[in-house]
Amino acid sequence: MAEKTLSGDVYYPTEEVINHANANCEELYSSAENDYEGFWAKEAENLLWFDKWDKVLDDSNKPFFKWFINGKTNICYNCLDVHLNTPHRNKLALIWEGENGDFRTYSYFALHREVNKFANVLKSLGIQKGERVTIYMGRVPELAIAMLACARIGAIHSVVYGGFSVEALHERIDDSQSKVLITADGAYQRGKIVELKKISDEALQRAATVESVVVVKRTGHEINMEPGRDMWYHDLMALPIANNSHNVEIMDAEDPLFLLYTSGTTGKPKAILHVHGGYMVGIYSTLKYVFDIHEDDRFWCAADPGWITGHSYIVYGPLLNGATSFMYEGAPTFPYPSRWWQMIEKYGINILYTAPTAIRGLMRYGEAWPNRHDLSSLRLLGTVGEPINPEAWRWYYKVIGGERCPIMDTWWQTETGMFMITPMPCVPLKPGSGTKPFPGLKVDILDEEGNPVKPNEEGFLVIKTPWPAMLRTIWNDPDRYIEQYWGKYPGMYLTGDSAKRDEDGYYWIIGRVDDVLKVSGYRLGTAEIESALVSHPAVAEAAAIGLPHEVKGNAIHAYVILRTGHSKSDKLIEELRQHVGHEMGPIAKPEHIEIVDSLPKTRSGKIMRRVLKAKALGVDPGNISTLAE
């Protein structure tokens, strides 16, 4: 146990927590420090490889790093097949509850059967290794089944968050050149139906590559089914072609597994590419050590599978570790603010991993709602998506964790694939800090010139070592990959986040340094929001900024210049909000839209969003000598 000499507000782990942990902390840090490649090789040996790798890390073509060279595996095989000849065979792999109270469970055996059947369905639709499949659904088991089936046959899945709207879906289908779209008639959210099929139909009017649409019946309401293109999931799964036998595709460690689109500083989202081998090893190990996963654990990651958190720690990570993953379809407070606490009690959830936004949202309802329920099954808590403010941390620790559950405050990204800065249960905690890098990772904070900053000074967060689950490139844009992530400080991965490190070496993430906003833990590019506004016939120009919001972290505030012939009105402002929601999804709707006559710009025409932000917050905008006027 660490010496009690840390500064500030520190929460030390109990002997019980330390003794339960999957590994001795100090030994883990020490082995990774002394032999980084050996550490990851040892982790990889816990998984199944059809052919073992020749070399752990190939860094001969930096920054295009490769891991487990010539190793042959398949992540789906490691998630399901390896458990079939063990006592796990009849253990629950997935527990699901719908917002309307529907309920389903899948044992490892049953999930394997469903995935095999759907893998055969995909093959019957002509999907081959390396081809792309877009998945656009709510949080339902079929989403996980579709992902695993794609991985099984070597297809590349591209999951689009079910809260995104027409333009976002179309753009992602078009960029990935997907042949098949898997969607649902709808999803339940806050008691209403999200019209997934209707949105899909609109997106497909502009997406030429899609040949087949598979539709899961979730809500049962009336939808359009295009003859010759649209097929019901349940009909296909009942056909003789959807049999239970399927030989898994043997994949090279570096073969693509999935694309996941994330906001960048330009208008077009970029597709991050992850692969079978390194990604599998990274998420298996990080979940095992950070959340101290044991075989009898029921792990609830309350994210959406449409984001990287859901990919890594709802679908793949828990199954690789032989745990039980819990998935819930709907909103945290529907129909009452006790919904989450009720489900933790009902299903005996041991580990809850969620976003600070959700915690802050539930805090508003006070302690009475969680206090009605027995939360004693909880052993560990976690947070993801954005830094958690200390006040919310303490509430989570005291009210939800009963002052016995350490909080694993994890910092990582779509690009990193796995936890990067994170405690483990044996690490002393400071509310609001992600503590230290995962064993073996070298992380630093640099100033503009590339020099390490002093303790408690803010700078650019960089990663100095490659890691197995790292992105391999940006799909079809290797130049952008090099420029965006490796261009500023050659040889170091630029995260795009600012951070500081205290005198104890603990890291504190501050936020994005580029034009990307974190709203409720989701990354949204200002350029995408602005493009959505400008696509409205009344708008000539737009600028979007994020302002602090006590629940969402950031709220979107937009400034709009109207075209000639249009005038300001409350009706138009609401129309613009709805238009952004239609183009990008409800998450992107601006909190506030202000009609203005001009925007602050540099002489080269770049909008100075920091000036807008300073004005909105009533603070000094700093140096504005580059302003055009």
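**D230 and its salt bridges**

D230 is buried, at 9% relative accessibility; buried means under 20% relative accessible area, exposed over 50% and partly exposed in between, with a 1.4 Å probe and protein chains only. Its side chain meets that of R229 in a salt bridge of 2.6 Å, N to O, where a salt bridge is a side-chain nitrogen of Lys or Arg within 4 Å of a carboxyl oxygen of Asp or Glu. R229 is likewise buried, with a relative accessible area of 17%. K197, D201, R229 and D230 are linked in a network of salt bridges.

**Basis of the values**

This is a predicted model, in which local features need pLDDT of at least 70 and side-chain atom pairs count only at pLDDT 80 or more, while totals for chains, interfaces and linings use all residues. Residues are numbered from 1 along each chain as its sequence is written, and side-chain values use heavy atoms, leaving out hydrogens and water.

The whole structure holds 33 salt bridges. One of them joins K129 and D255, whose closest N and O atoms are 3.3 Å apart. These residues lie 126 residues apart in the chain. K129 is partly exposed, at 41% relative accessible area, whereas D255 is buried, at 17%.

**The open sheet**

Eight strands form an open sheet in the order 12-11-8-6-7-14-15-23, with mixed pairing. Strands are DSSP runs of E, at least two residues, numbered from the N terminus, and two of them pair if DSSP finds at least two bridges between them. Strand 12 (230-232) and strand 23 (473-474) stand at the edges, each with a single partner strand, so one side of each lacks a neighbour in the sheet. Strand 23 pairs with strand 15 (residues 270-275) in the antiparallel sense over two bridges; I474 is the bridge partner of I272.

Notes:
Helices (H or I, at least four residues) and strands (E, at least two) are DSSP runs, numbered from the N terminus.
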